[in-house]
Amino acid sequence: MAVPEDDTVFRLAQLVLLLHVVAEFHPDGVELERLGTYDFIAANPLLMASSDDDPDRFELLMAGFDDRALSYASAAQRFATRRERLKHDLALLLAYDLATTAVRGHVLYRLTDAGVDMAMRFTAMYARSYMTAATIVVRRLRKVRPGPLRERVTEWTRQPSGPHRIDLADLFVEPEELDEADAFGEDSVGRSS
């Protein structure tokens, strides 16, 4: 099964779009830890907007995000994996001259003019949906201090992603739980299905 997050080009495109959105809220750039949070939550915005009465939930659902999507890894595992890849992905954007750094107490990342030009050329519906999510995420989290931000991410990645979440382990039953007819695919009359 192909997972988009495993594709480097896909992640780099998301990162270019995210940095384009981030520039509106952090014109000097954004530090690595905060960018990692934005990166993961923008790709999984319903972790943040999980409540039915969340003011941004409807807009995210209309943008195509769905909290019923199956995932073979927990949100916490996906967050850890994505953070591990972030430095590598940023290094590639720097090497391609799509991003640059500035030091203002710590290293800040932002797009170069070439990166901005690339971000503006994306036309796919997913790019628009992702930018919608990124805008909501950055707008809501930009003023949250680092400590509380870590706490929120921990909370979001530990909770089920929605009321319709399916645990893959629930799809399987132990063999002793099956009766003989179920085990051989027979209906109640005893014929093969």
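Student: What share of the protein chain's residues count as buried?
Tutor: This is a predicted model: local features need pLDDT of at least 70, side-chain atom pairs count only at pLDDT 80 or more, and totals for chains, interfaces and linings use all residues. Residues are numbered from 1 along each chain as its sequence is written, and side-chain values use heavy atoms, without hydrogens and water. Buried means under 20% relative accessible area, exposed over 50%, partly exposed in between (1.4 Å probe, protein chains only). Of the 193 residues, the buried share is 36%.

Student: Which secondary structure pattern does the protein chain follow?
Tutor: Helices (H or I, at least four residues) and strands (E, at least two) are DSSP runs, numbered from the N terminus. The chain has 8 helices and 2 strands. Read along the sequence, the pattern is α-α-α-α-β-β-α-α-α-α.

Student: Are H1 and H6 oblique or roughly parallel to each other?
Tutor: Axes are lines fitted to C-alpha atoms, for helices over the stretch in contact, and angles run from 0 to 180 degrees between N-to-C directions. Helix H1 (residues 8–25) and helix H6 (residues 125–141) pack at about 45°, axes 9 Å apart. Angles under 35 degrees count as roughly parallel, over 145 as roughly antiparallel, 65 to 115 as roughly perpendicular and the rest as oblique. H1 and H6 are therefore oblique.

Student: By class, which residues make up the contact of H1 with H6?
Tutor: Contact means heavy atoms within 4.5 Å. H1 residues including Phe10, Leu17 and Phe25 meet H6 residues including Tyr126, Met131 and Arg139. Ala, Val, Leu, Ile, Met, Phe, Trp, Tyr, Cys and Pro count as nonpolar, Asp, Glu, Lys and Arg as charged, and the others, Gly among them, as polar. The contact has 12 nonpolar, 3 polar and 1 charged residues.

Student: How are H1 and H5 placed relative to each other?
Tutor: H1 and helix H5 (residues 113–121) pack at an angle of about 105°, with axes 9 Å apart. Val16, Leu17 and His20 of H1 make the contact with Gly115, Val116, Met118, Ala119 and Met120 of H5. These residues divide into 6 nonpolar, 2 polar and no charged. By their angle, H1 and H5 are therefore roughly perpendicular.

Student: Is aspartate 97 exposed, partly exposed or buried?
Tutor: Aspartate 97 lies in the loop between helix H4 (75–95) and strand E1 (99–103). Its phi is positive, about 60°, although aspartate 97 is not a glycine. With a relative accessible area of 48%, aspartate 97 is partly exposed.
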